[in-house]
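Dear colleague,

Please find the structure below, handed over for your own work. My notes on what was found in it follow directly after.

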Amino acid sequence: MKAITANRLIDGEVVFWKSGQWIERFAEAEHFADDDAAGPAAVETARGQSTVVVDPYLIDIVEAAGGWAPVSYRERLRALGPTNEPTHGKQAEGGAGVEALLAATGAARSTGRVDLIRRK
Amino acid sequence: MYRYDAIDKEFLADRANEFREQVGRRLSGALTEDQFKPLRLMNGLYLQLHAYMLRVAIPYGSLDSRQMRRLAHIARTWDKGYGHFTTRQNIQFNWIKLGQSPDILDQLAEVDLHAIQTSGNCIRNTTADPFAGATAEEIDDPRVWSELIRQWSTLHPEFSFLPRKFKIAVTAAAKDRTAARVHDIGLVLRRNRDGELGFEVIVGGGQGRTPYVGPTIREHLPAGRLLSYLEAVLRVYNRHGRRDNIYKARIKILVAALGRDEFARQVEEEWSKLESALADAPDTELARIRGAFAPLNFETLPATSAAFDAAKAGDPAFARFARNNVKPHKKSGYAIVEISLKAHHATPGDASADQMDVVADLAGRFSLDDIRVTHEQNLVLPHVKLDDLPTVFAALQAAGLATPNIGLISDIIACPGLDYCALANARAIPIAQSIAQRFEDADRAELIGELKIKISGCINACGHHHVGNIGILGVDKKGEEFYQLSLGGSGQEDASLAKILGPGMTAEQVPDAIEALVDTYLAIREGEERFLDTVRRVGFAPFKEAVYADAH
């Protein structure tokens, strides 16, 4: 499965796509099947929102024991906040969604970013 | 300290206004991100993993208490109450909002600070010996020359779009506290046999993915010819630097490709075309700058202090602080105090807003209003009376700033790593913390002595791992953090590059590996040998055996 993430222009906050809206919690992000054309289409739409977000892209996500989480460590860190300051960033809010991200382990690719290398 | 004049102040205010307008145009959609990104980077504003990061220039790492208080105010008001001091003697704020960044630049401009040339392919903040003007070791005051370079390089039209970023360090002491030999240009002030002041010019050092210790291209450049010579070096680089490949664009690649002799020849040829009267700073201007750094109002004091001696005798914690964090001053009765930003559980280089205020207060009361940032991510009160040391220590202790570990194993350089940085592959901060906590025993740390560990979260080497006695590089191995150890590096006057010890390891294995290296060193060191000396004498074999024994 995949989700869409970006940084919000005005403050840099990590945000996720949900039915045309940008939300701050990964747990509420919309999921797209790997072969669902709606995912890339939504990224295209998001790219048009250049006064709202910077650099939207798809990430791989997996369902782990505690719930859904990004495949890559980097993306989990973006969805949580810095590990050296547990009270900073999204992780400060706590809750099941944050617990699921904290419990997730392993990774399948270096960035989890699907289109990091853009081939023309 | 150098003070901005009315023209400087007006310029900074204009620049902040210009940025406010640019941000407004970006938010309205008049500028695309591709158009805006170079503009924000010219003002030190990066987009990192969780937020924007603002890097503020601290010229040659020198601040007064008013400026430090303003940094604290910014940390408190627009960030999460802390800032991160960097290896370029700058400060970074990690949680900045784009919409608020113009207000921050206004606040900075009010106290003669800014974020100009803290990013981009230009001449970055020139670093200098943090003990400048305080150490008896120096031939001359490197701040004079650093300030001259700052004025010359700021918005220099010819050198604002170089092939890649460009970093200069200036030192005037035999003991190098600037890592001059791993800079694009390292300048070491010396006197020749006739007593004339000049620079040893080192060009083409650097770290990153292709590290080099820079060669000396001129042994003794007459000091007054500095700017024309820098111009010649930059011109050769600007003309022939590899703009086609970002990984080969630094001057070190050009110097290595041409060879030291050919590069030096081209610089000399270019230099011969420059007219000194036009390209070098007039003596009057140099004298004006020098006047700003004139010796402060030091009191005439005895070389010893009863209060200092009594505190050392009566308080072992103070005595330990004095052994490790207090350095000799050129003036009798004074000392240089290094403030460690490496408490064992803290993030290396971080200071809270409250801590910044404490340092500002102490500088105002006890250090002639002078504060320095070191490239090893610590702070310095350069001019403290011996009599005042117990009071200063007590205030630092109360603020969590009295960790007595300068130059010791837990005084670790670490880049922000994957906790913050968009470029990182692995975290650096937790690795530093795990090592610092493993070696929290202060007696043992002193027994081990000087040992410089430097950690980078990616190949760009912001954490200086190439010049660590023990260097640690975070890599990404199939999406997991892995760490590669290297040994034998030094960024000091005896500069050398560390070499990889063996296969990488997980984060959990790193403290054990460091422990194995340290135990090996303690078992085989001879006399006063530092860790680095032992590695150089015996080579890697016993260290490799100790770290990887279980794997055999």
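This is a predicted model: local features need pLDDT of at least 70, side-chain atom pairs count only at pLDDT 80 or more; totals for chains, interfaces and linings use all residues.

I begin with one helix of chain B. The buried residues of helix 4 of chain B pack against helix 1 (6-28), strand 1 (45-47), strand 2 (52-56), helix 3 (65-78) and strand 5 (91-96) of chain B. Helices (H or I, at least four residues) and strands (E, at least two) are DSSP runs, numbered from the N terminus. A residue is termed buried if 20 or more other C-beta atoms lie within 10 Å of its own, exposed if 12 or fewer, and partly exposed in between, with C-beta atoms placed from the backbone. Two residues are in contact if their C-beta atoms, placed from the backbone, lie within 7 Å.

Residues are numbered from 1 along each chain as its sequence is written, and chains are lettered from A and ligands numbered from 1 in the order in which they are written. The model scores ipTM 0.92 and pTM 0.96. For chain B the average pLDDT (the predictor's confidence in each residue, from 0 to 100) is 96, and 99% of the residues score at least 70.

To return to helix 4 of chain B, which spans residues 101-110, its buried residues are B:S101, B:I104, B:L105, B:L108 and B:A109. Seen down the helix axis, these buried residues fall within an arc of 140° (taken from the directions from the axis to the C-beta atoms), so they line one face of the helix. An α-helix has 3.6 residues a turn, so residues three or four places apart point the same way. After helix 4 of chain B comes B:D112, with a positive phi near 65°.

In helix 12 (residues 316-325) of chain B, the buried residues are B:F318, B:F321, B:A322, B:N324 and B:N325. They pack against helix 11 (306-314), strand 11 (326-328), strand 12 and helix 14 (389-398) of chain B.

Strand 12 of chain B leads on to strand 15. Strand 12 (residues 334-339) and strand 15 of chain B pair in the antiparallel sense over 5 bridges, where pairing requires that DSSP find at least two bridges between two strands. Within this pairing, B:A335 has B:V384 of strand 15 as its bridge partner. Strand 15 of chain B is also joined to strand 14 by 2 bridges, and these two strands run antiparallel; here B:V373 is partnered with B:L379. Strands 14 and 15 of chain B form a hairpin with 5 residues between them. As to burial, strand 15 of chain B is mostly covered, with 7 of its 7 residues buried.

Which residue in the turn of this hairpin has a positive phi? That residue is B:Q377, with a phi of about 70°. B:Q377 lies in the loop between strand 14 (371-373) and strand 15 (379-385) of chain B, and B:Q377 is buried, with 26 other C-beta atoms within 10 Å.

Leaving aside residues up to four places away in sequence, B:V233 touches B:I185, B:V203 and B:V267.

Chain A has 3 helices and 5 strands, in the order β-β-β-α-β-β-α-α from the N terminus on. Of its 120 residues, 42% are buried. Among the contacts in chain A with a separation of 6 or more, 60% are between residues 24 or more positions apart. In strand 4 (residues 53-64) of chain A sits A:D55, a residue other than glycine with a positive phi near 55°. A:D55 counts as partly exposed because it has 14 C-beta neighbours inside 10 Å.

Finally, the interface: 25 residues of chain A are in contact with 24 residues of chain B. On the chain A side, the largest share, 4 residues, comes from helix 2 (residues 73-80) of chain A. A:H88, in the loop between helix 2 and helix 3 (96-103) of chain A, touches A:G81, A:P82 and B:K80, not counting residues up to four places away in sequence. A:H88 counts as buried because it has 21 C-beta neighbours inside 10 Å.

With kind regards
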